[in-house]
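Here are some notes to read alongside the model.

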Amino acid sequence: MKLDNMVIPTGVARAGMTVGAAFRECLQHPVSSIPVVDDHNRVVGRFSIHDTLRIACIPSVAIYYADMLSDNLGGITMPEDHACQIVGLPIDTFIMNDFATIHSVSPVVKAIILMEKHATDTVFVIDNGEYKGVVTIEAIARRMLEVSDD
Amino acid sequence: MHAFLEQITLQMLISAGVLVGAYILVFTEVIHRANAALIGAVVMVGAGSWFGFYTQEQAVSSIDGNTMFLLSGMMIMVTMIRPTGGIEYLAIKVAKLAAKSPTRLLVYLCLAVSVTSMLLDNVTTVIIFAPLTVLICRIQQVNPLPYLMAEAMTSNIGGIATLVGDPPNIMIGSAAHIDFNTFLLHMGPIVAVIWAGVIVLILWQFRGQLAPPAGLSGSIGLDEKTAIKDPRNLKYSLIALFIVLLLFLVHHLLHIYPSYVTFIGVAIGFALIRPDPDEVLRQLEWPVLMFFAALFIIVGGVQHSGLLELIGNSLARFARDPEQLLLTCLILMWVAALLSTILDNIPFTITMIPIVLNLESVGVDATPLWWALALGVGLGGNGTHIGATANIICVTESERCDLAEARITPGLWLRKGMPVMLASLVLCSLIFTVFFDFFL
């Protein structure tokens, strides 16, 4: 299996972009993370839907007690006005420094190893400093099914 | 004073120098307090051997085995109970009883924290209760700040009530041969009154933040049934804890040490739960145990140099007078409390124990001094945010919860905690004075 068959070309995010615009870019492809690039188009971070929702919507203390939570969470809710507020925010505070990169000629298994190491389901493919796209865990699974069907 | 100075020897000066040096290292936290105490212990044994006032054998026998084993035994009991989710179950259950009133929620949570702190160590209790409290407050849309401060303070107060509630109590009980019942009987009632007084004061201090918010749902958003992660081990660890409690109540009749009682509980727990010993022992607070052992060695060096006996004899002239004994107790209580607001109360307690023992050996009735010491070091911890480890945990939790209004700053703790400490000390002094005969 070749990695370059699994690359999903996406747009990139930049500091100052709104969460709403970054969400749209993710959902269009659809991937859960896209790279954040600087003015020289170098990948400097990762924007992910998962991390953004975690930071913006839930108290960190709730995670540890997640299994004990009932359905009535009182003050910990996400009403419509809060959702509108979040999508209008700049992505700057939600940019993660931890991201995994790989070359398009790298073995697929390396992508899986990197995902495990960085606790993510996406790896950014970069060749000679140029961003090519995203490899997702779903893309790998899809390719495995295609190979098996052939 | 002149006669006192004339009796001071070179060995005494050297031992005092090592003690002061080690305590400066401990209190300034330039290095970890356990490392600082270990260095102090090594220097004390070296200096003692060189100048002939302290041998290696004496250093080893200075470590109070009953304190060390009681402390480690209780730590092992905690490592068996904690992963089962039993304490979380208790916290959720208690919170549900008071879900419709922020004031009642504070009182009930503090009561649960205090009772738990009477049996388990304060740090474990607060580590479990504080994050749960933050979550409950977020769901209830109330500020967690008053709850966190109140839990830390009432955990410190609850710990004073029993022989195993606080490390200084363990040391005092071991040195003075005070059994569990006697400790509970003498400390329980005064602690209960102080607890009630402190709760009233806290409710008044935070009255503005404890008003029920509009639309209070009455749900705490947590299901206690899912809190218990391991019902089998919870049952077994509760059986072990229950047996320990029963034996604590009669250990003086059976002539067995409290430390042996805890290890009976540990043995029963191990037999029933069959945990991986590596896993259990890894969770023990080894730095705390090392800190205690090293401090015992340091103070043992000062004791063998004769300095503590000299100080004790000098104080005995004052304390031997029955008219002055109450005053001595109150001075000890207040000095212990004031020092404990900024310094670790364990080194102070370990240093005071041989002095009080010496007073006892020259005919002073030391019994009320032990109670005064236990009350002073226990109550003093509430004065500042660094006065007790439970306070630091609650401050950290307030910083973690991402709410600016919940953040407990050192200044805020001083403004709220110092009046609580002073009021509790005044109340304690009044009760101690009025019922002084009870403490004899």
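**Notes on the two chains**

1. Strand E1 (residues 33–37) of chain A and strand E2 (residues 43–48) of chain A pair in the antiparallel sense over five bridges. Helices (H or I, at least four residues) and strands (E, at least two) are DSSP runs, numbered from the N terminus, and two strands count as paired if DSSP finds at least two bridges between them. A:Ser33 stands opposite A:Ser48 in E2(A). The two strands form a hairpin with five residues between them, and A:Asn41 in the turn has a positive phi of about 60 degrees.

2. Before going on, a word on what you are looking at. This is a predicted model, where local features need pLDDT of at least 70, side-chain atom pairs count only at pLDDT 80 or more, and totals for chains, interfaces and linings use all residues. Residues are numbered from 1 along each chain as its sequence is written, while chains are lettered from A and ligands numbered from 1 in the order in which they are written.

3. A cis peptide bond joins A:His29 to A:Pro30, with omega at about -20 degrees.

4. Chain A also has an open sheet of three strands, in the order E3-E4-E5, with mixed pairing. Strand E3 (101–102) and strand E5 (130–136) of chain A stand at the edges with a single partner strand each, so one side of each has no neighbour in the sheet. E3(A) runs parallel to strand E4 (residues 122–127) of chain A, and two bridges join them. A:Thr101 stands opposite A:Phe124 in E4(A).

5. Chain B is another matter: there are 21 helices and zero strands in it. Its C-alpha atoms fill a box of roughly 75 × 50 × 45 Å, taken along the principal axes. With 440 residues, a compact globule would have a radius of gyration near 22 Å, and the 22 Å of chain B agrees. (That radius is taken over C-alpha atoms, and the globule rule is 2.2 Å times the number of residues to the power 0.38.) Buried residues make up 53% of the 440 residues in chain B.

6. In H9(B), 16 of the 16 residues are buried, so the helix is largely enclosed by the rest of the structure.

7. Which residues have the most contacts inside the largest nonpolar core? They are B:Ala37, B:Ile298 and B:Leu373, in a core of 149 residues. Helix H8 (residues 122–140) of chain B gives the most to this core, with 11 residues. Apart from it lies another core, of 25 residues, among them A:Ala13, A:Ile34, A:Ala100 and A:Val123. A nonpolar core is a set of buried Ala, Val, Leu, Ile, Met, Phe, Trp, Tyr and Cys residues joined through C-beta atoms within 7 Å.

8. Where do the chains meet? In all, 15 residues of chain A are in contact with 18 residues of chain B, contact meaning that the C-beta atoms, placed from the backbone, lie within 7 Å. B:Ile139, found in helix H8 of chain B, is worth a click. Leaving aside its neighbours within four places in sequence, B:Ile139 is in contact with residues including A:Leu73, A:Gly74, A:Gly75 and A:Ile76. B:Ile139 is buried, with 25 other C-beta atoms within 10 Å.

9. B:Glu29 has a phi near 55 degrees, positive in a residue other than glycine, and with 11 C-beta neighbours inside 10 Å it counts as exposed. Phi of B:His255 is near 55 degrees too, and B:His255 counts as exposed, with 7 C-beta neighbours inside 10 Å.

Methods
A residue is buried if 20 or more other C-beta atoms lie within 10 Å of its own, exposed if 12 or fewer, and partly exposed in between; C-beta atoms are placed from the backbone. Two residues are in contact if their C-beta atoms, placed from the backbone, lie within 7 Å.
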